[in-house]
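User: I would like to learn how to read features from a structure file. Please take them one at a time, with the general idea before the case.

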Amino acid sequence: MNKKDVEIAKKGEAQFFNRVANIRDSKDTVICQEVDIRRATKYIPKNGEKFHVTDPHMMDLLSGKSRDKYIELVAHKKGGRVLDLGCGSGWLALELARKGQVVDAFDLSSKAILLAKKTLKDNPYKKGFGKINYYNKDVSEIDLGVNKYDAISGWSAFHHMPDANKFLAKAYRALKPGGVIATMDDMERGWAEPWLEYLFEFILPVHTLTYKQKLIKLFNVMRGKEPLRQEIFSPMEELKHSAVEDIEEVFYDKYEVLYFNQENAFCGLPCMRVCGPDFFRYSAARIVIGIDYFLCKLGLVKGFERVIVARKSK
């Protein structure tokens with residue numbers, strides 16, 4: 001991958017996440033979980049509406065335990081200084097600062113940074129609040145210093161770096177002895193996971209498709225007229241998604257791994273899209289999540305979301 005390709009991808013990356021931020025900020029009455037997990041408001045879009053589901057309780061069912069463990073381990077030092085790379089709309093930086101951390105948060109998207117700053121201004125949880133410094137800059141080009149940070153966090157971010165191994169080497173130097181480094185990465189999927197994902201979307205009532213539309217889609221898929229699932233990747237993900245394996249190797253080679261979890265092979269979309277009364281939605285989600293967990297444990301499928309938290313030796 002040459003320098004010109006990287007620069008084109010970076011520009012596309014910023015535009016991609018500008019569009020995402022605009023969608024997240026398009027409804028005055030809705031706070032998305034990607035913006036503020038504490039103040040997120042439930043919103044189930046109507047069929048065909050261009051707005052994604054916001055349901056904090058469903059997110060808690062899907063990945064709340066892993067997310068909360070991640071935050072707890074990153075905020076391991078009272079008043080610690082944290083680097084949050086690829087901070088997006090700022091939900092993680094906000095939670096870390098609420099735990100007293102001083103956070104340097106970087107993102108390529110100017111719209112995401114503006115949304116994060118707006119949310120920070122409106123934050124009502126001020127007791128024990130640390131500080132957030134937001135930067136609309138390319139963190140891969142920044143001198144991170146030496147022994148500067150108590151923790152470095154990359155929530156769905158390390159595999160977006162132009163050269164993940166090179167950046168991880170910089171991160172290692174910037175992390176203090178005893179410091180914590182953490183990553184959450186979306187993993188590549190095999191052939192079974194998309195089919196199981198669609199199976200449960202087909203069985204359950206979802207806000208994105210009527211049962212008639214589901215039958216038409218299945219018929220077209222069987223005839224080879226359309227793909228089962230069109231994966232959406234940002235420009236940098238398309239170039240560097242294979243880096244997820246390199247990231248895991250570096251974490252195990254350079255650090256002491258404190259926490260590893262890989263979950264949600266296929267249950268994410270069906271659970272977030274299921275519609276109906278809440279008692280039905282959450283009951284159905286628990287069943288699908290349970291099946292997903294069981295199949296992951298058997299090794300028949302692999303989790304889509306992988307979290308690794310590790311510590312640098314003292």
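User: Which residue forms a salt bridge with Arg98?

Analyst: The general idea is that side chains of opposite charge can pair when their charged atoms come close. This is a predicted model. Here Arg98 pairs with Asp36, and the closest N and O atoms are 2.9 Å apart. The two residues belong to distant parts of the chain, 62 residues apart: Arg98 is in helix α3 (residues 91–98), while Asp36 is in the loop between α1 (3–24) and α2 (56–74). Both Arg98 and Asp36 are buried.

User: Which residues are linked with Asp36 and Arg98 in a network of salt bridges?

Analyst: Arg38, Arg39 and Glu95 are linked with Asp36 and Arg98 in that network. The structure as a whole holds 23 salt bridges.

User: Which residue does Asp55 form a salt bridge with?

Analyst: The partner of Asp55 is Arg281, with 2.8 Å between the closest N and O atoms. This pair also links distant parts of the chain: Asp55 is in the loop between α1 and α2, Arg281 is in helix α11 (residues 278–298), and 226 residues separate them. Asp55 and Arg281 are both buried.

User: And Asp150 and Lys77, which form a salt bridge: where in the chain are they?

Analyst: Asp150 is in strand β4 (residues 149–155), and Lys77 is in the loop between α2 and β1 (81–85), 73 residues apart. Their closest N and O atoms are 3.4 Å apart. For burial, the cut-off is needed: buried means under 20% relative accessible area, and exposed means over 50%. Asp150 counts as buried because its relative accessibility is 7%. Lys77 counts as partly exposed because its relative accessibility is 39%.

User: How many positive and negative side chains does the chain have?

Analyst: There are 51 positive and 42 negative side chains, and the centres of the two sets lie 4 Å apart.

User: Back to the helix that holds Arg98. How many residues of α3 are buried?

Analyst: As background, an α-helix has 3.6 residues a turn, so residues three or four places apart point the same way. In α3, 8 of the 8 residues are buried, so the helix is largely enclosed by the rest of the structure. Those buried residues are Trp91, Leu92, Ala93, Leu94, Glu95, Leu96, Ala97 and Arg98.

User: What covers the buried residues of α3?

Analyst: The cover includes the helices α2 and α4 (110–121) and the strands β1, β2 (102–106), β3 (131–135) and β4. Just after α3, Gly100 takes a positive phi of about 90°.

User: Which residue other than glycine has a positive phi near 50°?

Analyst: The general idea is that most residues other than glycine have a negative phi, and most peptide bonds are trans. Asn147 has a positive phi near 50°. Asn147 sits in the loop between β3 and β4, and counts as partly exposed because its relative accessibility is 39%. Ser156 is not a glycine either, and has a positive phi of about 55°. Ser156 is in the loop between β4 and α5 (164–174).

User: How should I read positions in loops? Where does Gln230 lie?

Analyst: Gln230 lies in the loop between α7 (211–222) and α8 (235–240). Gln230 counts as exposed because its relative accessibility is 60%. Gln230 and Pro194 are 36 residues apart along the chain, and their C-alpha atoms are separated by 9.8 Å. For another loop position, take Gly190, between β5 (175–186) and α6 (192–203). Gly190 is partly exposed, at 38% relative accessible area. The C-alpha atoms of Gly190 and Leu215, 25 residues apart along the chain, are separated by 24 Å.

User: Now the whole chain. What is its radius of gyration?

Analyst: The radius of gyration is 20 Å, which agrees with the value near 20 Å for a compact globule of 314 residues. The C-alpha atoms fill a box of roughly 60 × 40 × 40 Å along the principal axes. The secondary structure comes to 11 helices and 7 strands.

User: What share of the residues is buried?

Analyst: Buried residues make up 50% of the 314 residues. The chain exposes about 15800 Å², of which carbon and sulfur atoms supply 56%. Of the contacts between residues at least 6 apart in sequence, 75% join residues at least 24 apart.

Definitions and conventions
Residues numbered from 1 in each chain as written. Predicted model: local features only at pLDDT ≥ 70, side-chain atom pairs only at ≥ 80, totals over all residues. Heavy atoms only, no water. Helix = DSSP H or I, 4+ residues; strand = E, 2+ residues; numbered from the N terminus. Rg over C-alpha atoms; globule rule 2.2 N^0.38 Å. Buried < 20%, exposed > 50% of the residue type's maximum accessible area, 1.4 Å probe, protein only. Contact = heavy atoms within 4.5 Å. Areas by Shrake-Rupley, 256 points an atom, 1.4 Å probe, with all protein chains shown as cover. Lys, Arg positive; Asp, Glu negative; His and termini not counted. Charge placed at Lys NZ, Arg CZ, Asp CG, Glu CD. Salt bridge = Lys/Arg side-chain N within 4 Å of Asp/Glu carboxyl O.
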